[in-house]
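Me: I have a model open and want to go through some side-chain contacts. Can you take a look with me?

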Amino acid sequence: MLYSSYRYLHRLMACTISIFGFQYCQAQVFSESFKPFTGTPEHYVCYHITDSITIDGKLDEAAWQQVNWTNDFVDIEGSKRPQPPLQTRVKMMWDQQYLYIAATLREPHIWATLRDHDAVIFHDNDFEVFIDPDGDTHQYYEIEINAFNTVMDLFMNKPYRNGGAAMLNWDTKGLKTAVHVNGSINQPGDTDKEWTVEMAIPFQAFRYFNSPERPQDSSIWRINFSRVEWDTDIRNNQYVKQRKPEHNWVWSAQDIINMHAPERWGYLLFTTQPAGNNHVQFRMPPAEQARQVLWQLYHQQQQYRQQHGRYAASLQQLQLPAKQTAANGVVYTLEVEGISSQYNARIQGSNFKGYININQEGRIYESRN
C-alpha cells in the first residue's frame, strides 16, 4: 500500500500501484467516512493583492502583514481531542495568477529525511494542502511539503471511500514553494523555534481534462490544511520516530481520522477587495443547509446498501419525507431515483435556484433543470 498511515485506515485495503504512478482502490465497505458531517467548517476571506511576492519562506512583504492568520490548528477529530501543544496557522491571499499560502509551524526540534519529489512526505513531519475548487468533492488536489522543501503532489478523481485513484504522476505545474527554518534541521543538540512554508499555486494548475479553475469575486472554494507531527526520541545524536501513530492537526476539524472527506473542509471566500481591507464578511452559501440534507440521504443509502445489497430506489424505502423543514425554516423538496447499483438524489429550496444533486459516489453538484 502507498499509505500505511492510520489516517487512511477508512479506505479498504485492496490498493495497487501501476508503473504510471496511479493508485487504484476497490469500493469500500460502509465506514465512518460515509457518515454525515454535523460540525461547522472554518472559513477564511482571501483578499486580492497587486504587489509582487518573492517565494522565499520569510513572509516579509507588506502584503503578508495585511492579511489575517487563521485560527490555530486543532486535532483532526476536533474538540474530542486535546488542543495540539504546538501552534500551526495559515494565511492566504491571491492575484490573477496565483493562490498564495503561508504557514508557520512551531517546532522545537526540526527534522526531515525525504528529498525526492513525490516521496511519501508524511513519513516526515509535514504541512499539507487540500483544495477542491468547485466543491463537488471530486477532482481535488493535495500538496505535501517537509522542512527540506520536498514536495509530493497528487490529483484525486474522487475520495478513497468511493474507490478513488491517487494520481501521483500529476504535478502542480508552475508551483513555487520555499521553506524558512528558524533554527536548524537535524541538529538534536539545540532548540528550534519554527519552520515557515510559503507557496504560490498557479490557478492554471487546477485543471484535469477541463479548463483551469479561476476564482472570481465572491467565489467559494473548499480547502483544508493538515500538519503531520511524529513523536521522536534522540538516539546517537539523531531523531528517531517512536513506534506509535502520528499526530494529525488541521485547520478545520474533520471529526474523523480522514482528510479525504472534502465535504468537511473549510470555506475559502475570494474577494477582489485589496489586502488590508479586512471588512468583507463571510456568509454561508444559502444552499449549504440543503447539502446537509443530501449528505444525510447519502449516509442512509450507504446503510441501506449494506443491509440489502443495493441502493434504495425511492424515498419510501429510506423512510424519508419528500418535504423537509430545516432549522433555518426553509422547506426543501427531496427526490431520489435509482437502480440497484446507482442512484441520484436532488433537492430544491426556496432560498436558491435550481437543484442540488448527489449520487452514489458522493459527487454533489448544482443543476438548473
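Me: What sits over the ring of Y267, and how far from its centre?
Reply: The charged end of R222 does, at 4.0 Å from the ring centre. Bear in mind that this is a predicted model.

Me: Is Y267 buried or exposed?
Reply: Buried: its relative accessible area is 4%, and the cut-off for buried is under 20%.

Me: How many aromatic pairs are in the whole structure?
Reply: The search finds 19. One of them is Y267 with F282, a tilted pair with 5.6 Å centre to centre and 35 degrees between the planes.

Me: Which parts does that pair tie together?
Reply: Y267 belongs to strand β17 (residues 266-274), while F282 is in the loop between β17 and α2 (288-308), so the pair links parts 15 residues apart in sequence. F282 counts as buried too, at 14% relative accessibility.

Me: Which residues form an aromatic cluster?
Reply: W94, Y141, F155, W170, F203, F206, W221 and F270 make up one cluster.

Me: And what lies over the face of W230?
Reply: K241, at 4.0 Å from the ring centre.

Me: Switching to R161. Where does it lie?
Reply: R161 is in the loop between β9 (151-156) and β10 (166-167).

Me: Why does R161 count as buried?
Reply: Because its relative accessibility is 3%, and buried means under 20%.

Me: Which side chains does the R161 side chain make polar contacts with?
Reply: Its partners include the side chain of E263, at 2.9 Å, and that of N162, at 3.3 Å.

Note on methods. Residues numbered from 1 in each chain as written. Predicted model: local features only at pLDDT ≥ 70, side-chain atom pairs only at ≥ 80, totals over all residues. Heavy atoms only, no water. Helix = DSSP H or I, 4+ residues; strand = E, 2+ residues; numbered from the N terminus. Buried < 20%, exposed > 50% of the residue type's maximum accessible area, 1.4 Å probe, protein only. Polar contact = N/O pair within 3.5 Å; in protein donor to acceptor, adjacent residues only side chain to side chain. Phe/Tyr/Trp six-rings, centres within 6.5 Å; stacked < 30°, edge-to-face > 60°. Lys NZ or Arg CZ within 6 Å of the ring centre and 35° of its normal.
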